[in-house]
Amino acid sequence: MKTFDDILAAYNRQVQLPWATDVPPAARVWILWYDKSLQRRFTGRLAEFEHATFRAGHGWHQISLSGWFGAWIAQHEFFDALVEQPAELRGLLPEIENSLVNEITHGLRACTSNDVLAVDGCGALFGIVRVSALISRIADSIPGRLLVGFPGTHSAGVYRLLDARDGWNYHAIPIPAETEF
């Protein structure tokens, strides 16, 4: 298992590489994957990634999705009915995904081509929205780089959120790379 320091070192190497401007949208996505037991450590020490990004001469923006769903559902007009009948939540999944896409796209609009937008808290979306669907929908809007904190596994090009969901094959840059360890 990779330690937090291993992951931070891998990020330091990646962020210091020159950024090509003509890369396809998928190559602008960096998925920083780590064992789910490191989630709190990752969130608590996210400032170290920010610092590494600044040292490399890039800007930093951050979005936390950890509490996003709770805040979203609490403001929903049908909140009381959904509490009584939570199975009805399935009908809102497209609306939830659209709202998340809007939230992240709003964060991307604040970025320049020299910035990293870090997205933390993807594990809180488990069972609600697929991270792969979000990335696919926003990839064309990424001006710099999108860093996705991903509690799960990456093997043979396949990511698995929280080691449980069916994986997906994505062309994003994995951090750390599979061959690094």
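Biologist: How many bridges join strand 4 to strand 5?

Modeller: Four, and the two strands run antiparallel. Strands pair if DSSP finds at least two bridges between them. Strands here are DSSP E runs of at least two residues; helices are H or I runs of at least four, and both are numbered from the N terminus. This is a predicted model: local features need pLDDT of at least 70, side-chain atom pairs count only at pLDDT 80 or more, and totals for chains, interfaces and linings use all residues. Residues are numbered from 1 along each chain as its sequence is written, and side-chain values use heavy atoms, leaving out hydrogens and water.

Biologist: What stands opposite Tyr 159?

Modeller: His 154 does. Strands 4 and 5 form a hairpin with two residues between them. In the turn, Ala 156 has a positive phi of about 50°.

Biologist: Which side chains of strand 5 are buried?

Modeller: Tyr 159 and Leu 161, which point to one face. Buried means under 20% relative accessible area, with a 1.4 Å probe and protein chains only.

Biologist: New topic. How many helices and strands does the chain have?

Modeller: Seven helices and seven strands.

Biologist: What share of the residues is buried?

Modeller: 45% of the 181 residues.

Biologist: And what does the C-alpha trace span?

Modeller: About 50 × 35 × 30 Å along its principal axes.

Conventions: Buried < 20%, exposed > 50% of the residue type's maximum accessible area, 1.4 Å probe, protein only.
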